[in-house]
Amino acid sequence: MELTNLEAVPGRTIVRHLGLVQGSTVRSKHVGRDFLAGLKNFVGGELRAYTELLNESRAEAIERMVAQASAAGANAVVNVRFATSNIAAGAAEVMAYGTAVVLE
Amino acid sequence: MELLVQLGIFAVLLLVGLVFGRASEKRHFREIRRREAELRDVLVFNERRPPHDREFRQATLVVGSVVIAEDYFKRIAAGLRGFFGGRVTVYESLMDRGRREAVLRMKEEARRLGATMVFNVRFETSSLAVDGGAQTPMFSAEFIAYGTALVPR
């Protein structure tokens with residue numbers, strides 16, 4: 001499965017369009033992480049635990065999007081976009097969406 | 001007495017934020033400049049179409065992300081600034097840091113793939129409220145930079 005956020009894959013031709021596919025996940029940080037992040041907050045700087053958490057979430061969202069795309073018979077997803085939203089205290093939604101296509 | 005203790009805690013937190021927060025920001029900026037110089041040859045474009053006269057072996061999505069939080073000093077300084085209005089420099093540097101770090105991580109991923117260019121780069125920023133144990137949440141934000149890494153043939 002090829003993933004790109006370009007409108008097409010350079011050097012390849014799109015033979016079929018299979019429509020929008022998307023994947024998302026909602027995750028919350030566990031208490032230990034939240035506590036450490038709370039301490040870190042007085043000093044500021046990178047919150048590594050959160051960076052990791054959101055990276056894992058993004059990988060999961062991509063995986064779900066890819067699963068949807070391959071179920072539709074696609075071999076690539078083009079024009080991929082990401083969105084993150086903070087839906088509740090301590091929980092974040094990460095979403096990936098794009099257009100499933102068949103490359104020749 | 002209680003007031004005095006609270007004032008003391010406030011002063012300590014402010015000082016910790018000012019000293020350690022500023023030191024870590026300075027360190028981070030030094031690190032960013034060093035890595036930017038190192039990764040200068042990975043070209044980044046927000047142009048949507050890659051050049052037609054080049055051949056590419058591979059096009060892969062690359063993402064860089066980072067979560068950065070404010071320190072106590074920044075928070076108080078921003079609060080004061082909010083009272084008078086104007087440029088909130090303490091947050092400007094925070095956003096700048098986060099975004100540059102995200103781009104660097106994206107470039108590092110591109111470099112690992114052997115790419116020389118990243119096209120159609122997009123930014124995404126979202127603020128995450130983190131409860132710092134205090135009554136009001138502290139501000140932290142996630143920065144993402146993503147694009148398509150192109151590996152030359």
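Me: Which residue of β2(B) is the bridge partner of A:G45?
Reply: Ground rules before the name: this is a predicted model, where local features need pLDDT of at least 70, side-chain atom pairs count only at pLDDT 80 or more, and totals for chains, interfaces and linings use all residues. Residues are numbered from 1 along each chain as its sequence is written, while chains are lettered from A and ligands numbered from 1 in the order in which they are written. Strands β3(A) and β2(B) (residues 56-69) run antiparallel and are joined by 2 bridges. In β2(B), A:G45 has as its bridge partner B:A69.

Me: And which residue of β2(B) is the bridge partner of A:E46?
Reply: Strands here are DSSP E runs of at least two residues, helices are H or I runs of at least four, and both are numbered from the N terminus. Strands count as paired if DSSP finds at least two bridges between them, and β3(A) has 2 bridges to β2(B). For A:E46, the partner in β2(B) is B:I68.

Me: How many residues of chain B are in contact with chain A?
Reply: Contact means that the C-beta atoms of two residues, placed from the backbone, lie within 7 Å. On the chain A side, β1 (2-3), α1 (31-43), β3 (45-46), α2 (48-71) and β4 (76-88) each supply at least two residues. Chain A brings 32 residues to the contact, and the count for chain B is 44.

Me: How many nonpolar residues does the side of chain A that touches chain B have?
Reply: Nonpolar covers Ala, Val, Leu, Ile, Met, Phe, Trp, Tyr, Cys and Pro; Asp, Glu, Lys and Arg are charged, and the others, Gly among them, are polar. That side has 12 polar and 5 charged residues, and its nonpolar count is 15.

Me: Which strands stand at the edges of the open sheet in chain A?
Reply: Four strands make up this mixed sheet, in the order β1-β4-β5-β2. Inside that order, β4(A) and β5(A) (residues 91-103) pair antiparallel over 10 bridges, with A:A83 bridged to A:M95. Two strands have a single partner strand each, so one side of each lacks a neighbour in the sheet: β1 and β2 (14-28) of chain A.

Me: At what angle to β2(A) does α2(A) run?
Reply: Axes are lines fitted to C-alpha atoms, for helices over the stretch in contact, and the angles run from 0 to 180 degrees between N-to-C directions. Helix α2(A) lies across β2, β4 and β5 of chain A, and its angle to β2(A) is about 145°.

Me: How far apart are the axes of α1(B) and α3(B)?
Reply: These helices meet through residues including B:F29 and B:I32 of α1(B) and B:L104 of α3(B), and by class the contact has 3 nonpolar, 2 polar and 6 charged residues. The crossing is left-handed, a term for a near helix turned anticlockwise from the far one by less than a right angle, with clockwise being right-handed. Helix α1(B) (residues 2-38) packs on α3(B) (residues 89-113) at about 35°, and the axes are apart by 10 Å.

Me: How many residues of β2(B) are buried?
Reply: Buried means that 20 or more other C-beta atoms lie within 10 Å of a residue's own (exposed is 12 or fewer, partly exposed in between, with C-beta atoms placed from the backbone). Strand β2(B) pairs antiparallel with β4(B) (residues 138-152) over 13 bridges, B:F56 being bridged to B:P152. The strand is mostly covered, and out of its 14 residues the buried ones number 11.
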